[in-house]
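Here are my notes on the model, as numbered points. Please read them with the structure open.

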Amino acid sequence: MSTNGHDDTRLNGHGLTLAYDQRVISRDLGVSIPDNSFTVIVGPNACGKSTLLRALSRTLKPADGEVHLDGKAIGSYPAKEVARRLGLLPQSSVAPDGIGVADLVSRGRYPHQGFLRQWSAEDEAVVTDAMEATGVTDLADRSVDELSGGQRQRVWLAMVLAQQTPLLLLDEPTTYLDIAHQMDVLDLCADLHHNRGHTLVAVLHDLNHAARYATHLVVMKDGAIVAQGAPEDVVTAGLVEEVFGLPVRVVPDPETKTPMIVPVDRRPQRA
Amino acid sequence: MSDTLSKRPGPARSHAPHGTVPVRPLRGRLSFLARPRTLAVVLVLVLVSAFTLALSVSVGDYEVPLSAVPAAIFGYGEHLDVFFVQDTRLPRALTALGVGAALGVAGAVFQSLSRNALGSPDIIGFTSGAATGAVAAILAFGAGRLGVSLGAIAGGLITAAVVYLLAMKNGVQGYRLVLVGIGISAMLSSVRDYLMTRAELTDALGAQIWMIGSLNGRGWAEVAAVWIAFVLLGGVLFAYARRLRFMELGDDTARGLGVNTRSTQIVAFAAASALTGAAIAVAGPIGFVALAAPQLARRLTRSGGTTLVGAAAMGATLLVVADLVALRALAPTQLPVGVVTAVIGGTYLIWLLYTEWRGGRA
Amino acid sequence: MALRAPSPPGPTRARRVARPTGLLLALAVLGGCVLLSISVGSKAIAPVEVWNALVHYDGGYDHDVVRSLRVPRTILGVFVGAALGLAGALMQGLTRNPLAEPGILGVNSGAAAAVVVSSVVLGVSGTALVWPAFIGAALAAVAVYALGSRGRAAATPVRLALAGTALAAVLQGLVHGVVVLNDFAFDRIRFWQVGSLVGRDIEIFWQVAPFLVAGIVLTLCMGPSLNAVALGDDLAASLGARIPVVRALAAVGIILLCGAATAAAGPIWFVGLVIPHIARIITGPDQRWLLPYSAVLGAILLTASDVVGRLVVPGAELEVGIITAIVGAPVFIALVRSRKMAQL
């Protein structure tokens with residue numbers, strides 16, 4: 001992975017110092033997102049993974065360094081131009097009271113609309129398609145307030161999908177969902193990556209999910225990137241112990257043959 | 001899941017958001033979503049306010065028959081009819097319409113920016129600051145009409161700016177804006193109460209009436225002032241209407257969609273503040289229109305978000321109706337219209353909360 | 001309340017020692033404030049004379065000032081301050097809502113409306129006005145609380161504030177409507193509207209004293225129940241707390257405290273809001289300590305503000321309600337700024 005300025009991936013950042021007010025989270029961070037990858041950022045709580053994602057999506061302006069999108073500094077694009085290339089699903093989204101599902105999904109068309117073109121036939125086709133792809137078509141006329149957590153997350157995904165961006169950035173898309181809905185959302189992400197050719201960057205909590213779904217894994221600790229690469233190369237017992245402080249065994253996932261971690265049993269020997 | 005995914009959308013049924021109709025004139029070169037329900041609501045509100053306007057021009061100690069009103073508005077008909085309509089009643093009613101529309105739009109913008117029904121100028125300290133500025137101008141400096149208006153605008157703008165700055169910390173968050181506003185309002189209200197106790201009774205009474213908000217004796221100068229402000233500043237806000245709807249999704253989401261959140265916040269906040277200031281300068285801090293009108297409009301239109309047009313129509317209707325009530329309820333005594341908006345608006349809000357919370361929704 | 005609920009876990013060792021010591025210290029400070037309040041004023045009276053006035057009353061002018069002016073306002077300050085501090089702590093504990101406060105619950109506008117209506121319509125005057133104030137304050141508090149906690153969801157800050165704002169608007173409208181038609185009522189209400197410890201007849205205090213004392217005692221006994229409620233209704237019920245009983249008793253406490261305090265001193269903002277927050281910094285979340293601290297700190301704030309009001313403008317006095325508002329608002333804003341969303 002190149003760490004100098006010559007980086008021909010669509011999305012990358014170098015020499016990034018990331019901070020909230022005076023609180024510095026990361027210093028001199030370099031990362032590039034391989035094109036057409038499903039990149040997953042993992043790490044313990046408060047390691048700066050969401051902060052990195054926010055910087056990549058220009059919601060957080062780096063205190064130092066620059067994020068590049070398609071060869072140019074991301075800050076040099078007009079806001080709508082970025083939004084046509086890069087979609088973001090943040091952790092904190094607010095659905096206004098009483099908004100309908102189709103209405104919310106259609107908000108994703110904003111970067112493609114203008115004052116005189118507020119709802120073209122193309123907008124409508126794309127929204128319909130996005131709802132189809134995320135399986136929320138039947139919910140179209142419902143109010144977002146009435147939906148379950150899993151349904152709601154799919155609606156938000158549909159909204160980002162309607163943005164029709166080659167790059168999708170997802171901040172913890174599976175949080176607060178039960179295991180079935182988590183798998184649902186991840187399968188959907190894998191489908192978007194595999195069948196629709198999106199480049200995905202997601203922050204995930206669960207290392208096993210990350211190892212199973214990612215094509216490229218970025219492991220962070222204390223604001224720095226500790227390791228990155230294919231999950232098979234990155235996920236080792238040594239690394240997990242180093243990063244999470246948890247002794248584990250790494251075994252092949254019986255389903256997918258990707259690495260799977262199993263915590264070492266630390267209880268005293270039972271009879 | 002993977003089953004539904006593998007199916008590529010064939011001739012699936014097309015989805016415009018619920019309750020909207022796509023309209024694409026000029027072979028799709030123009031396109032937008034019409035909301036029939038919103039249109040209908042606005043139409044009804046316009047009719048109601050037009051009828052109320054005609055009624056308030058017609059009734060009074062000197063009755064102008066409704067049938068004679070249209071002619072009298074344009075200067076035809078009996079001399080006295082024309083005098084009452086053109087010189088006193090019409091400007092007053094038009095001021096009510098303009099002030100109501102201005103307050104409705106400004107309130108909707110504030111609520112949108114703070115993502116909070118309580119984010120209206122009444123709560124975030126603007127109204128309170130304007131009232132304090134006016135009372136100080138009257139009681140401390142003995143100011144006349146113009147001075148009072150200037151005092152009110154200055155008080156309102158300064159207070160709004162202070163509240164906004166104090167609420168800022170990693171960006172402005174709605175709840176913080178509201179809470180800081182409540183704090184500042186309470187402090188200002190006690191400053192006002194203090195000024196009131198130190199003044200002569202007649203001065204204090206004058207300040208009190210001004211503070212409640214009144215349309216008594218408003219003429220064509222006020223009509224011009226409020227409508228010019230509404231067209232200019234309201235125009236800016238209507239141009240920002242779409243962006244404001246996206247601001248309601250949260251800052252990060254809005255930015256992710258390509259909305260320039262910082263500039264939207266600043267421009268919209270400044271324009272809405274100036275519009276509120278203009279309305280207050282003309283009529284005093286009339287309470288509750290800015291809070292209630294957008295809420296009523298969004299519930300009636302069921303649009304799942306703020307509608308500026310709806311809020312403007314609702315504000316105008318509310319105020320013109322309230323003013324008619326203020327004029328006639330205890331005739332010949334004229335109540336300040338602020339008394340009526342507070343009682344009507346407050347009662348309606350209580351009823352609204354009562355029915356809404358019955359279902360256990362937060 | 002015979003209810004026993006576990007106290008919140010893990011008060012540190014330091015805090016276990018600090019809390020009783022701190023309370024004693026606070027009481028000492030209150031004592032100092034009381035002494036200052038009796039001896040300081042626009043009329044300079046030597047400390048010896050003040051003492052004589054208290055123990056060897058000779059009926060002279062100075063003694064009269066001390067006995068009939070300073071002592072009553074000091075007593076009033078201590079009790080009203082304690083009541084407001086407690087009322088705030090009780091409301092915040094009960095609703096798990098850091099913004100709950102007598103003022104936000106519409107207590108002040110309820111009392112004002114009742115005072116205006118009864119004096120104009122029913123011709124009530126003088127000390128008898130204390131009863132409409134009491135009833136108006138109590139009814140407003142109950143109405144806002146009932147509206148705010150309607151349905152299954154809890155009374156969140158926004159809901160209570162909305163309900164309070166709506167009711168206050170209606171009542172204020174009523175007051176304004178009456179006062180613009182009636183100069184006499186306006187003259188009365190403009191003085192009533194500024195919370196103050198002077199110009200209120202000591203008779204008023206004696207009338208409301210039983211209610212104040214009952215409210216203070218009742219509330220101080222509710223610490224353990226409120227600790228249980230702090231964990232959420234469901235968990236509290238599973239710990240054996242009888243939620244409806246607790247809520248009913250708390251409502252009685254709030255009515256007694258707010259009604260009596262507002263009747264005695266007029267609307268005083270921010271004491272009920274700010275004091276429990278300050279107390280919480282010292283005591284942590286344990287209501288058994290929070291309540292007494294709130295009472296003592298509230299009394300300190302009100303008597304101290306009253307003394308400051310006598311000194312700040314030479315030759316004149318600032319009403320205590322104005323001082324607390326000007327002191328309280330910045331504290332409140334600082335609190336709002338320092339808190340995270342989750343804690344609201």
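1. Helices here are DSSP runs of H or I with at least four residues, and strands are runs of E with at least two. On that basis residues 220-241 of chain B are 95% helix and 0% strand, with the end C-alpha atoms 30 Å apart. Keep in mind throughout that the model is predicted.

2. That span is one of those that the UniProt record, an unreviewed entry, annotates as "transmembrane region" in chain B. Over residues 93-111 the chain is 100% helix and 0% strand, and 27 Å separates the end C-alpha atoms.

3. Chain B also touches chain C, in a contact that takes 47 residues from chain B and 46 residues from chain C. On the chain B side, helix 7 (174-198), helix 8 (201-212) and helix 15 (337-358) each supply at least two residues. Helix 7 of chain B gives the most, with 14 residues. By class, this side of chain B has 30 nonpolar, 12 polar and five charged residues.

4. Chain A holds an open sheet of four strands, in the order 2-1-4-5, with antiparallel pairing. Strand 2 (23-33) and strand 5 (72-73) of chain A are the edge strands, each pairing on one side only. Two bridges join strand 5 of chain A to strand 4 (residues 64-69) of chain A in the antiparallel sense. A:Ala73, in strand 5 of chain A, stands opposite A:His68.

5. Which strands does helix 1 of chain A touch as it packs on the sheet? Helix 1 (residues 49-56) touches strand 1 (11-20), strand 2 and strand 4 of chain A. The direction of helix 1 makes about 120 degrees with that of strand 1 of chain A.

How values were computed:
Residues numbered from 1 in each chain as written. Chains lettered and ligands numbered in written order. Predicted model: local features only at pLDDT ≥ 70, side-chain atom pairs only at ≥ 80, totals over all residues. Contact = placed C-beta atoms within 7 Å. Nonpolar A, V, L, I, M, F, W, Y, C, P; charged D, E, K, R; others polar. UniProt positions renumbered as here; feature names shortened; annotations may be inferred. Pairing = 2+ DSSP bridges. Axes fitted to C-alpha atoms, helices over the stretch in contact; angles between N-to-C directions.
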